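Dear colleague,

I am passing a structure on to you with this message, and my notes on it follow below. Please have the sequence and the coordinates open while you read.

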Amino acid sequence: MSNLALNPTSAVHLEDDRTSFSKESLKRAFLDNLFYTQGKFPALATLNDYYTALAHVVRDRMLQRWVSTAAEYTARGSRTVAYLSAEFLMGPHLGNNLVNLGIQEPVKQAMSELGLSLEELLAQEEEPGLGNGGLGRLAACFLDSMATLEIPALGYGIRYEFGIFKQEIHDGWQVEKTDKWLRYGNPWELIRPEWAVEVKLGGHTEHYYDDQNQPRVRWVPAKVVMGIPYDTPILGYRTNTANTLRLFRAEAPESFDFAVFNRGDYYGAVNHKVTSENLTKVLYPNDEQIQGKALRLEQQYFFVSCSLQDMLRILKLQNIPVEQFHEKFTVQLNDTHPAIAVAELMRLLIDQYQLPWENAWHVTRQTFAYTNHTLLPEALERWQVGMFRSVLPRHLEIIYDINKHFLDEINQRFPGDEARLARLSLIDENGDRYVRMAHLACVGSFAINGVAELHSKLLTQDVLKDFYELWPEKFSNKTNGVTPRRWMVLSNPRQSRLTTKVIGNRWITDMEQLQNLETFIDDKNFRNDWRNIKRMNKSDLARFIRRRTGTLIDPDSMYDVQVKRIHEYKRQHLNILHVIALYLRLKNNPHMEIHPRTFMFGGKAAPGYHLAKLIIRLITAVGEVINTDHHIRDTLKVVFIPNYSVTNGQRIYPAADLSEQISTAGKEASGTGNMKFTMNGALTIGTLDGANIELRDEVGAENFFLFGMTTEEVKQRHLHGYQPIDTYHSDSELHEVIDMIRNGFFSRGDTELFRPLVDNLLYHDPYMVLADFAAYAQCQTLVDAAYRDKENWTRMSILNVARSSKFSSDRSIREYARDIWKVGSVPIQMLSQEEVKTGFIQ
């Protein structure tokens, strides 16, 4: 029983108990929230009650900043970044907010004196899984940096009731479980029902002339849903700025139809409510069926329409004419998911505000900026015209009109170039006709950017080549970054404390200060401290893995880690083929000199992606064999960490020795996991792909393990008719590795289990796994030799951190703000409690 139970009447209210950072005020506020918010006293309180009470204590201290920020933006009419993203993978809020408020220690002490463990309370928080991976996590890092840099911003997205599935491993296979992140409520959000908006779907359009004999269009929808906003404060680090993440939930205009109920149709009486709420029920349904595709389009349109209508509400509140929409807001499209915003803003301006086409198009094209996140053609969203018309009939008309004007412009610049017209058209006329969403984003935006230097270059040479030739001035590169607050200060407190001890704490908001760590590289005591911290982090992760998987691992082994979404182009199967090769070498030569190594994998496969799920099964199957083979004396271990997430990433990155960034060159847009590993002192083995190139340039080629073909070499290999079966026959070690898999060595004699994966590698190998195998295996030999030189490895680890400043999301956001958004910082003056009560929330 906690100490709370000893004195349940000790909650004495003081005036500053909602804002003070003192330990005693925090204790009083905690007891107050437990009683008045949770309605519990300590003898009945659960761990979740304690967590929720603490969350409200922290949120109270954010609210003064939040309202002060909104009041300042409203009074100034500040130019604002609207960041539209279908995913926001925020991670747990409590720990991050404690870091940004600077109250970790007083809160920890307050909880300890009340008989509670802050660590246990932090672990109680349900992570909101509102994203599939890198895209949503990037959006979260960007929100953190915008608030820290005091840039006025609103994040807009979807409040999915069920986020990305929770992954369990049963009999070696991935099993998807529902992510019930809202089961206990969400103490960080505030619902804003008074700002709800209507969203139309389906139906048809009617063309008519108004009283001034002007042609107009009326959209008669098949259904209407309400978008209800939920606001979460996003606090900057040690600033007064608290920006807003606004997520929308779908709801029926009427929850219950009494007329239908009175006719005895009980199901029908609530059916509209159920179908309306399905819209935001789950993150990205499996889109193999036409219904799934339609729902995904409806989701994207829903949050885009809600967001733009909300911006128009803010314009009205601040008495800004709609013609100045683009002066008040700059809207960043995070990939193609929100690209329908181009057509939706046109619809709102033309149909609702009755602006002339030319004026509406000017506003629209000056509003949007588009970030492309992929080089995979299949990932560029397209919607079949018939299905698109059934969901958004008015928008299809608008897109046709935009396309007509656009193609007329192309015809004037490139007369008679029919092939160019076909390539650039917003409508793909080949076979079934499709709406090309990336094309709509390019035509309707004033800026287009990639997310790493190589990626941006390849966009202009391939994926968006025709648009680059048309508008080279629109294109730029903005290399991704990650926030050091979550990925260093919160995730790796030991390394952060040591860093602050020797160079001060300015590095937390100015990562170029980390360069000063280089002056300590020859300090033996500093290197020992650095090594000891890594060892403690590894021990922490070993204990976690033992609890989660039952596997016992040695913290003195090298932690070789690949955690990311499971996909063929990310080549987790290249990694496991090398593990098998090492195992074979050890079996053939038990006295081979090699440092013990633990191979860690983590990541989720899309539920309908069979080959990706089979890669997981191969990893777990290899682990089952190797981890129980006593002849190799624990020299190798293979672990698949289930349910890779932000929470688990915070455990993994600080403990890693080697970061696997081994995607096929030319396939990864950027990657951000590579940055998180580097900031936490891991060395990288990788290809010249995505941001790896810049990372290698920054940390130094001698501190990076490079292997594999370049993008051009991959292209040429394909052009000259790559035959993976030839590589299989010419490489004896690879031959033996593949044969072990297909002969059933890792599947209890079942020769069919891994056949689809083996056949894909031998006869197709689209991502050049076999072609890069020998170079990868050779590079891993160099890794082993380097790791055995502890002093030099430690030097390289320190240098990786010291030279990681480019990969802060603060740098990324400064570049967006300067080059694309043209928005400056707005310092916030804290309002008094009396002033706050009269403030306006934007």
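Apart from its neighbours within four places in sequence, L762 is in contact (heavy atoms within 4.5 Å) with P724, I725, Y728, I738, R742 and L770. This is a predicted model, in which local features need pLDDT of at least 70 and side-chain atom pairs count only at pLDDT 80 or more, while totals for chains, interfaces and linings use all residues. Residues are numbered from 1 along each chain as its sequence is written, and side-chain values use heavy atoms, with hydrogens and water left out.

L762 belongs to helix 30 (residues 755-763); helices (H or I, at least four residues) and strands (E, at least two) are DSSP runs, numbered from the N terminus. L762 counts as buried because its relative accessibility is 1%, where buried means under 20% relative accessible area, exposed over 50% and partly exposed in between, with a 1.4 Å probe and protein chains only. Between the C-alpha atoms of L762 and S25, which are 737 residues apart along the chain, the separation is 66 Å.

On the side of helix 1 the contact is made by S25, L26, A29, F30, N33 and L34, and they meet D49, Y50, A53, L54, H56, V57, D60 and R61 in helix 2.

Next come the strands, where two strands pair if DSSP finds at least two bridges between them. Strand 6 (residues 197-201) has V197, V199 and L201 on its covered face, and E198 and K200 on the uncovered one. In a regular strand the side chains alternate between the two faces of the sheet. Strand 6 pairs with strand 9 (residues 223-235) in the antiparallel sense over five bridges, and V224 in strand 9 is the bridge partner of K200.

An open sheet of six strands, with parallel pairing, has the order 20-19-18-21-22-23. Its edge strands are strand 20 (636-641) and strand 23 (704-706), each of which pairs on one side only. Within this sheet, strand 18 (residues 558-563) and strand 19 (residues 597-602) pair in the parallel sense over six bridges, with F601 in strand 19 as the bridge partner of Q562. Helix 21 (residues 524-549) lies across strand 18, strand 19 and strand 20, running at about 70° to strand 20. Helix 32 (residues 790-802) also packs on the sheet, where it touches strand 21 (658-661), strand 22 (683-686) and strand 23, and its direction makes about 85° with that of strand 22.

A further open sheet is formed by three strands in the order 13-15-14, with antiparallel pairing. Here strand 14 (427-428) is one of the edge strands; two bridges join strand 14 to strand 15 (residues 434-436), and D428 stands opposite Y434 in strand 15.

Methods:
Axes fitted to C-alpha atoms, helices over the stretch in contact; angles between N-to-C directions.
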